[in-house]
Amino acid sequence: MVADVRLILFHKQSTSGRTRFLRFAQGLLAFEPLPALSALVDEGAAAASSVRPHPAAALRAAEERLGLAGGSLKAEAEFYAEVETPAGAVPVLLAAFTSIDPPFDAAAQAGGQFIALTEARGLHPLELDLARRAYETILGG
């Protein structure tokens, strides 16, 4: 994975609108958990950040790690978040699977599973807040 970039991966069914997030054993963020003492940066402050990573390298790395073909993930440009960690700011990007159905086998091989937002209760509060922000972006609001 591209250093210091985390992804939230989701699939939205084109016919029904059903949205599922890919959850890993360590949490919602692919592919490494955030360090202890991490805090979500205020949305306004994150939006004002002048330097943002381009998502292409992170998407390519995620596709490779999941064993998916190139173009299997698409960045959602409307979403950007930052998490302040003891080592500095970590960008969080949102990416959608482009396939008609979620890649269940690839998720399972990576130790993950697709969940609805209502199944995210056990996540760390910071990840729950990120999931909420991501869901709002996915819904268009």
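Visitor: Are F10 and F21 buried or exposed, and what makes a residue count as one or the other?
Guide: Both F10 and F21 are buried, a word kept for residues under 20% relative accessible area, whereas exposed means over 50% and partly exposed lies in between, with a 1.4 Å probe and protein chains only. The model is predicted, so local features need pLDDT of at least 70 and side-chain atom pairs count only at pLDDT 80 or more, while totals for chains, interfaces and linings use all residues. Residues are numbered from 1 along each chain as its sequence is written, and side-chain values use heavy atoms, with hydrogens and water left out.

Visitor: How many aromatic pairs are there, and why do the rings of F10 and F21 form one?
Guide: A search of the whole structure finds 4 aromatic pairs. Rings of Phe, Tyr and Trp (its six-membered ring) pair if their centres lie within 6.5 Å; planes under 30 degrees apart count as stacked, over 60 as edge-to-face and the rest as tilted. The centres of F10 and F21 are 6.4 Å apart and their planes stand at 50°, so this pair is tilted. F10 belongs to strand 1 (residues 6–12) and F21 to strand 2 (residues 19–24), so the pair links distant parts of the chain, 11 residues apart; strands (E, at least two residues) and helices (H or I, at least four) are DSSP runs, numbered from the N terminus.

Visitor: What is the pair of F97 and F114 called, and why?
Guide: Its ring centres lie 5.5 Å apart and its planes at 70°, which is over 60, so the pair is edge-to-face. Since F97 lies in strand 7 (residues 88–97) and F114 in strand 8 (residues 112–115), the pair ties together parts that are 17 residues apart in sequence. F97 has a relative accessible area of 6% and F114 one of 11%, so by the limit of 20% both are buried. Ring pairs also link F97, F104 and F114 into a cluster.

Visitor: How do you know whether the length of helix 2 agrees with expectation?
Guide: The expected span is 1.5 Å times one less than the number of residues; for the 12 residues of helix 2 (residues 55–66) this gives 16 Å, and the end C-alpha atoms are 16 Å apart, which agrees. The buried residues of helix 2, including A58, L59 and L66, pack against strand 1, strand 2, strand 5 (73–75), strand 7 and helix 3 (104–109), where contact means heavy atoms within 4.5 Å.

Visitor: How does the radius of gyration of the chain stand against the globule rule?
Guide: The rule, 2.2 Å times the number of residues to the power 0.38, over C-alpha atoms, puts a compact globule of 141 residues near 14 Å, and the chain has 14 Å, which agrees.
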